[in-house]
Amino acid sequence: MTPTTKTRAALTTAALSACALTALTALTACSGSGAADGADKATSPSPTRQTSPAERLAQLMVTPAEVGGHAVEKPSGDYIFARSTHEVTVDKADCAPLAYAMHQLPLGAPQADLTRVVQGDTTDAPLTYVTLTAYGPGGAQSALAGLEKAVGACGAGFTAKSKNDSSTYTSVAAEQPTARAGDGTVAFKATTTVQGVTHTLHTEAVRAGDVMAVYFSVNGMAMLQNRPSDAEPAPAVVNAQNARLR
C-alpha cells in the first residue's frame, strides 16, 4: 500500500494487508461397479482430494530460509488501504490496475490471492510485499496485459481513494524489472508526495503460467521521518520467489 499522511506511522511496523485467503476445497470421487457386482470394496478407487488454488499459493510462497532468514509475515490488517478492489475508486479508470498492484489487491478475476511482507536487514530498511494470485485459464495473461496497458496510459499520474484514505501519484513510468522471469514481466515506478517530500515506489509483476507474483516496496521509516525515499523490492526476495514459481 502506498502510505499517506494518515497511515505513514503504521507502515513502520509493517502494516498493510491484502485480501484474506479464499478457502476452496475440490473433491473428485471415482466410483466403480464393484459394490454392485460383488467385487471387493477394497479394490475400489478412493476419492482424490485436489489442491485448492489457495493451498497452492501457500505452497508457492517464498520461505524465510530462501530470503536470508528474514521473516515472511502476514501483513497487519489494522491499516490497510482497502480490503477489496470494490472499495477503491480511481480518478482515471485506466489506472485502476496500478492502484491495485500498489495496495496489495488482486488484478483481474483471480481464484485466490495471498500476500506476505518481508522486512529488510534493519528496522529502517524498505519492506517488500509479495502478492501471489492464481487464475483460471487465460486469467493471469489478461491481468498482466491490463497492468502493462495501465503503465503506458498513466504517465501523468492519478489518484486512488478508499473509504478512509487517499493516495496521489504524480508520475508513473515503465522500468526494467529485477530479472526477466516466467512467461512475462511488467515493472514500473511511481512517485508520490507526503508532507512535501517525494518518495519513489517500485512495483514488479511476474507471470508464470496461471499464477502471478506482484512485488511492491515502501520505506515507511523514511516517510515517518520526512526523508525522501526510493524503495525497490529486495532482489533476494524477487529472485527467490521467481525461482519458486518456476
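Predicted model: local features only at pLDDT ≥ 70, side-chain atom pairs only at ≥ 80, totals over all residues.
**Salt bridges, disulfide link and cavities**

Residues are numbered from 1 along each chain as its sequence is written, and side-chain values use heavy atoms, with hydrogens and water left out.

The side chain of glutamate 55 meets that of arginine 49 in a salt bridge with an N to O distance of 2.5 Å, the term denoting a side-chain nitrogen of Lys or Arg within 4 Å of a carboxyl oxygen of Asp or Glu. Arginine 49 is likewise partly exposed, at 47% relative accessibility. By this rule five salt bridges are counted. Another of them joins arginine 56 to aspartate 210, whose closest N and O atoms are 3.0 Å apart. Because arginine 56 belongs to helix 3 (residues 53-60) and aspartate 210 to the loop between strand 10 (197-208) and strand 11 (211-218), this pair ties together parts that are 154 residues apart in sequence. Both partners count as partly exposed, arginine 56 at 33% relative accessibility and aspartate 210 at 26%. A further salt bridge is formed by arginine 207 and aspartate 183, with 3.9 Å between the closest N and O atoms. Here, too, distant parts of the chain are linked, since arginine 207 sits in strand 10 and aspartate 183 in the loop between strand 8 (166-174) and strand 9 (184-194), 24 residues apart. Arginine 207, at 14% relative accessibility, counts as buried.

The partners are cysteine 95 and cysteine 154, with their sulfur atoms 2.0 Å apart, and the link is left-handed, with -110 degrees about the S-S bond. Cysteine 95 lies in the loop between strand 4 (89-90) and helix 4 (96-102), and cysteine 154 in the loop between helix 5 (139-153) and strand 7 (158-161), so that the pair links distant parts of the chain, 59 residues apart. Each counts as buried, cysteine 95 at 1% relative accessibility and cysteine 154 at 1% as well.

For the chain as a whole, seven helices and twelve strands are assigned, these being DSSP runs numbered from the N terminus (helices H or I, at least four residues; strands E, at least two). Buried residues make up 48% of the 246 residues. Of the contacts (heavy atoms within 4.5 Å) with a separation of 6 or more, 65% involve residues 24 or more positions apart. The chain exposes about 11400 Å², of which carbon and sulfur atoms supply 50%, the areas coming from the Shrake-Rupley method with a 1.4 Å probe.

Two cavities of 30 Å³ or more are present, a cavity being a set of points on a 1 Å grid over the protein atoms alone where a 1.4 Å probe fits but cannot get out, with lining residues having an atom within 4 Å of a point. The second largest cavity holds about 30 Å³ of space, and its lining includes Tyr100, Ala101, Thr131, Thr133 and Val214. Helix 4 and strand 6 (127-134) each contribute at least two residues to this lining.

Methods:
Buried < 20%, exposed > 50% of the residue type's maximum accessible area, 1.4 Å probe, protein only. Disulfide = S-S within 2.5 Å. 1 Å grid on protein atoms, 1.4 Å probe; cavity = no way out; pocket = protein on both sides within 12 Å on 5 of 7 lines; lining within 4 Å. Points joined across faces, edges and corners; volume = space filled by probe spheres on them.
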